Amino acid sequence: MIDATRFSAGSTKWLRHLLLTGVVLGAASGLAGCMSGGDSDVDVLALAAETDPPDVLYNQGLANLEGGRLGEAAKKFQAIDRQHPYSEWARKALIMQAFASYRGGDYEEATTAAKRYLSLYPDSDDAAYAEYIIGLSHYRQIPDVTRDQKQAAYTAQAMRALMERFPDTAYAEDARGKLRIARDQLAGKEMLVGRYYLERRDYLAAINRFKNVVDVYPDTRQVEEALARLTEAYYAMGLTREAQASASVLGQNFPDSPWYNDSYALLRGHGLEPREGSSDSWFAAATKKITGAS
């Protein structure tokens, strides 16, 4: 049996180590006590969860975690929260419930538990951890770019909240990386839709999508192609000045990009060259966004 006193209030090094290093939980340390009875209609495990004191339930939950029985672990921690609400055991059990649910792939339950933890204990030592679990749960559900990207948006929201509220937390670096991935996924979806419109010669709709990538996701890898597609779309509409300005922004920021080579070749093939737009134009603002000047 794991000693519950090892995990006193505010002591979560063991928990953080598990999540940050990805350690696979080991073999069970032996949760003893098979209960039996003559009445097959009585769920003795459920009855125990209703009657055992919180420290016993907590130890049982930890033992289930170590044994890889993540669903059972979550139920034990949930029983503490239900039967002993607002106690110190309930506070610890709630964050452990979120962790066990996440590790078991029950991301909806993990998110629900972590959000409840944040609502009840927003200033506790484990608040950053709860926010991190929310972000990870959404991150694990991000689909390929052809599908709806609401999980990518939720991931970005949670990871950004973590970095803003807890900039010094041990999870901030990983959150920053996952935020970047989520934003790139959202930008990729915009590019997919923009290319769809471009192929169908709906140039205005395509331009709106490509400009949105530059405006909203200027720090993603999708920006180079977005500027090249803007050059292509503007030229197809006969808007040569805008095409030249788009290519100029691309060349100024990504001079070695294959996308710039394509845009430059397109213009040169028709006797044109990249040319800067006016200082108060969208193109000038785009350059500032890409460079981080605004």
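## Surface and overall make-up

The protein chain has an accessible surface of about 15100 Å², and 48% of this belongs to carbon and sulfur atoms. Accessible areas come from the Shrake-Rupley method with a 1.4 Å probe, and for residues only the protein chains shown count as cover. The model is predicted: local features need pLDDT of at least 70, side-chain atom pairs count only at pLDDT 80 or more, and totals for chains, interfaces and linings use all residues. Residues are numbered from 1 along each chain as its sequence is written, and side-chain values use heavy atoms, with hydrogens and water left out.

The secondary structure of the chain consists of 14 helices and 0 strands. Helices (H or I, at least four residues) and strands (E, at least two) are DSSP runs, numbered from the N terminus. Of the 294 residues, 46% count as buried; buried means under 20% relative accessible area, exposed over 50%, and partly exposed in between (1.4 Å probe, protein chains only). Contact means heavy atoms within 4.5 Å. Taking contacts between residues at least 6 apart in sequence, 63% join residues at least 24 apart.

## Helix α3

Helix α3 covers residues 54–66. Its 13 residues should span 18 Å at 1.5 Å a residue, and the end C-alpha atoms are 18 Å apart, which agrees. The expected span is 1.5 Å times one less than the number of residues in the helix.

The helix is largely enclosed by the rest of the structure, because 11 of its 13 residues are buried. Among them are Pro 54, Leu 57, Tyr 58, Asn 59 and Glu 66. Just after α3, Gly 68 takes a positive phi of about 80°.

## Helix α12

Helix α12 (residues 240–253) has 14 residues, which should span 20 Å at 1.5 Å a residue; its end C-alpha atoms are 20 Å apart, in agreement. The helix is mostly covered, with 10 of its 14 residues buried. The buried residues include Ala 243, Gln 244, Val 249, Leu 250 and Asn 253. Their cover includes α11, α13 (258–268) and α14 (282–291).

## Salt bridges

The structure holds 15 salt bridges. A salt bridge is a side-chain nitrogen of Lys or Arg within 4 Å of a carboxyl oxygen of Asp or Glu. Side chains of opposite charge can pair when their charged atoms come close.

Arg 183 forms a salt bridge with Asp 219, with 2.8 Å between the closest N and O atoms. Arg 183 lies in helix α9 (residues 172–199) and Asp 219 in the loop between α10 and α11, so this pair ties together parts 36 residues apart in sequence. Arg 183 counts as buried at 13% relative accessibility, whereas Asp 219 is exposed, with a relative accessible area of 52%. A further salt bridge is formed by the side chains of Arg 229 and Glu 225 (3.1 Å, N to O). Arg 229 and Glu 225 both lie in helix α11, 4 residues apart, about one turn of the helix. Both are buried. Salt bridges with shared partners join Arg 195, Glu 225, Arg 229 and Glu 232 into one network.

## Gln 222 and its surroundings

Gln 222 is in the loop between α10 (203–216) and α11 (223–236). Gln 222 counts as buried because its relative accessibility is 13%. Its side chain makes a polar contact with the side chain of Asp 184 (3.3 Å). A polar contact is a pair of N or O atoms within 3.5 Å; within protein, one must be able to donate a hydrogen and the other to accept it, and residues adjacent in sequence count only if both atoms are side-chain atoms. Leaving aside neighbours within four places in sequence, Gln 222 is in contact with Asp 184, Ala 187, Gly 188, Met 191 and Val 213.

## A nonpolar surface patch

Leu 204, Met 237 and Leu 239 form a nonpolar patch on the surface, with about 250 Å² of accessible area together. Patches are made of residues with over 30% relative accessible area and no salt bridge: like charges are joined within 9 Å, nonpolar side chains (Val, Leu, Ile, Met, Phe, Trp, Tyr) within 5 Å. Leu 204 is placed in helix α10 and is exposed, with a relative accessible area of 56%.
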